[in-house]
Amino acid sequence: MVGLAGAATLADMANAIRALAMDAVEAAQSGHPGMPMGMADVATVLATEVLKFDASAPRWPDRDRLVLSAGHGSMLLYALLYLTGYDRPTIDDIRRFRQLGSPCAGHPEVTELEGVEMTTGPLGQGLASAVGMAIAERHLNALFGDELVDHRTFVIAGDGCLMEGVSHESAGLAGHLGLGRLIVLFDDNGISIDGPTSLATSEDHAARFAAAGWHVAACDGHDPASIRQALAEALADPRPSLVCCRTVIGYGAPTKAGTETAHGSPLGAAEVAAAKQALGWTAPPFEIPRALLERWREAGRRGEAARRAWQARLAGHPRAAEFRARHEEPIAVPDLAIPAGPMATRKASELVLERATAAIPQLVGGSADLTGSNNTKPRDLPVFTRDRPGGRYIHYGVREFGMAAAMNGMALHGGLIPYGGTFLVFSDYMRAAMRLSALQRLGVIYVLTHDSIGLGEDGPTHQPVEQLMSLRAIPGLVVYRPADAVETAECWALALADRSRPSVLALTRQAVPALRPAGGPNRSAAGAYRLRQAVGPRRVVFVATGSEVAIAVEAAELLEAGGIGCDVVSMPSMDLFLEAPDPALLPADALKVSVEAGVTHGWERIVGPHGLSFGVDRFGASAPCRDLYRDFGLTAAAIAARVGEALG
């Protein structure tokens, strides 16, 4: 093998990545060999000469982050982790690439391997979340200084990442905030699944990023000197950087290199053999020559001295305890109780946030250009800007998807608890990032206001109908819809305490009455509880959420006046209730009736096949709130009448 008579060369090291990628994809008969083969030279220079990391301490807080936004090229990352000496993946893990139980999944998963910084695969989201990581780094640097926080975020992105709309949102935000510690390495190979990228795009990516305030450089992605020069320019520039790395997809494959056939399918045994011959690679499959592996392992140990020096600085730092608490300890949720009273739950949320942000310095908030409507900014919370990165409130602009992805990045980085607001109906813009919040088990908090037709005159484009139930369908995402100020405080406390799942707080625009006095245990923690006990013999159990709980209480009182006993169950979180259902709340001998100003689909899990569901199964209309509720039959009188008819 070329170079191994003496010291291993960079070309040899890059070829080790290529060989592992070809072997793993061929063994699995599934995967994407082309990108790892094309970006192997760039990754080798980055990992051996630039990236600050220590393979023996994968969660060192001041490490550089490397995000593989082009997650289909996962074997590039798995090869780097194995070669540099991380505990996992082992070579046996790589042999079992894409197989059940292997941590080497088809796309990298942060919950499977410590060296994976985030779960990627949905193109563009790695880049977008890296913006959040870069925000977190600058914010913590402003608090703790270079002594404890001084690292960079690198991204490997492909043509698909830059075509996705979220890249536009995130690039604009990063440029505006001047996130100079963010460097994106663009695998500019000109190939997508369908063929040449010229089939679908003629954008000038370099010009676009430059217009967004980025530094832009270019290099020959197969020339180490050119790669070094471009990286040096990026490291020296105070702006975020895009490095366009001109590469050949499937580099080394004699007949498939430079074509879409190298992208998403095994090369085939004959092509693999020919590629290895062309590259001068003679080792058997899944074997790395000892001298070459040791050269890689030296690269994995290169950051050990820097990590030990950092640990020494932390030990002597006057704010060491605060730093550790941010990164290592569960948060202590303070008393968030606010005075009970009639108000919109978005207003109640604002009052809770005044308390929470004062007591929990990790909380960093924001809104997608709806601050005054979402009530997400406490009065004294300073704004994060390029000149004042110590601020704790981010104006994301009209970039809902970019906001959600950035919050994922902040949560992944560590040291921050992000929350962000927009209207509930616009959760559709963010859904892909919210799904990744759940998949990665991140405690991101989504403050989604204007949660029903109750928002009124803005009409059906802004009135959420299907959103609540569709968000409940995402595994691992906890949806809260509090009924009043007391429940709002309780739901915030639950969301803050849950650091392994994302939460949605669905909040009203309109005022709602106070249903419970402040104080006492957190009754929302079970997901549902009996708010009102039947006076007469119980025949009906109302189950309601949010603003409709008060309507259910009023309907129950009307029925009680006619001798029909009614319980009212408030269900601030259907998700929590279904995790541990309390059958005593839903007795078999009572008619179950759900009331929620959203689609009734899904409520059969609560009311059963013979229950009644009152909701909104068509789009809304532009009208005052009270008129809309009357038109949809969501009034106490209308509901009581129909329940009475059902009882006969």
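Phe323 counts as buried in this predicted model, because its relative accessibility is 2%, and buried means under 20%. Its aromatic partner is Phe144, and the pair is edge-to-face. Phe144 is likewise buried, with a relative accessible area of 3%. Phe144 belongs to helix H5 (residues 125-144) and Phe323 to helix H13 (residues 320-328), so the pair ties together parts that are 179 residues apart in sequence. Together with Trp310, Phe144 and Phe323 form one aromatic cluster.

The structure holds eight aromatic pairs. A pair of aromatic rings is described by the distance of the centres and the angle of the planes. Two of the pairs are set out here.

| Pair | Centre to centre | Angle between planes | Geometry |
|---|---|---|---|
| Phe144 and Phe323 | 5.2 Å | 90° | edge-to-face |
| Tyr419 and Trp492 | 5.9 Å | 90° | edge-to-face |

Strand S9 (residues 363-367) runs parallel to S10 and is joined to S10 by three bridges; Gly366 stands opposite Ile394 in S10.

Two helix contacts follow. Two packed helices are described by the angle between their axes and the distance between the axes. For helix H3 (residues 74-84) and helix H11 (residues 290-301), the axes come within 7 Å and cross at roughly 90°. H3 is therefore roughly perpendicular to H11. On the H3 side, Leu80, Tyr82, Leu83 and Thr84 take part, and they meet Leu293, Trp296, Arg297 and Gly300 in H11. The residues of this contact divide into five nonpolar, two polar and one charged.

Helix H1 (residues 10-28) packs with helix H10 (residues 269-279) at an angle of about 170°, and their axes are 11 Å apart. These two helices are therefore roughly antiparallel to each other. H1 contributes Asn15, Arg18, Met22, Asp23 and Glu26, while H10 contributes Ala269, Val272, Ala275, Lys276 and Leu279. Here the residues divide into five nonpolar, one polar and four charged.

Some loops next to these helices have backbone details to record. In the loop between H1 and helix H2 (34-50) lies Gln29, whose phi is near 55°, a positive value in a residue other than glycine. Gln29 counts as exposed, at 52% relative accessibility. The loop between H10 and H11 holds Phe286, also a residue other than glycine with a positive phi, near 65°. At 10% relative accessibility, Phe286 counts as buried. Finally, a cis peptide bond joins Arg88 and Pro89, with omega about 5°, and Pro89 is placed in the loop between H3 and helix H4 (91-95).

Methods. Residues numbered from 1 in each chain as written. Predicted model: local features only at pLDDT ≥ 70, side-chain atom pairs only at ≥ 80, totals over all residues. Heavy atoms only, no water. Axes fitted to C-alpha atoms, helices over the stretch in contact; angles between N-to-C directions. Helix = DSSP H or I, 4+ residues; strand = E, 2+ residues; numbered from the N terminus. Parallel < 35°, antiparallel > 145°, perpendicular 65-115°, else oblique. Contact = heavy atoms within 4.5 Å. Nonpolar A, V, L, I, M, F, W, Y, C, P; charged D, E, K, R; others polar. Pairing = 2+ DSSP bridges. Phe/Tyr/Trp six-rings, centres within 6.5 Å; stacked < 30°, edge-to-face > 60°. Buried < 20%, exposed > 50% of the residue type's maximum accessible area, 1.4 Å probe, protein only.
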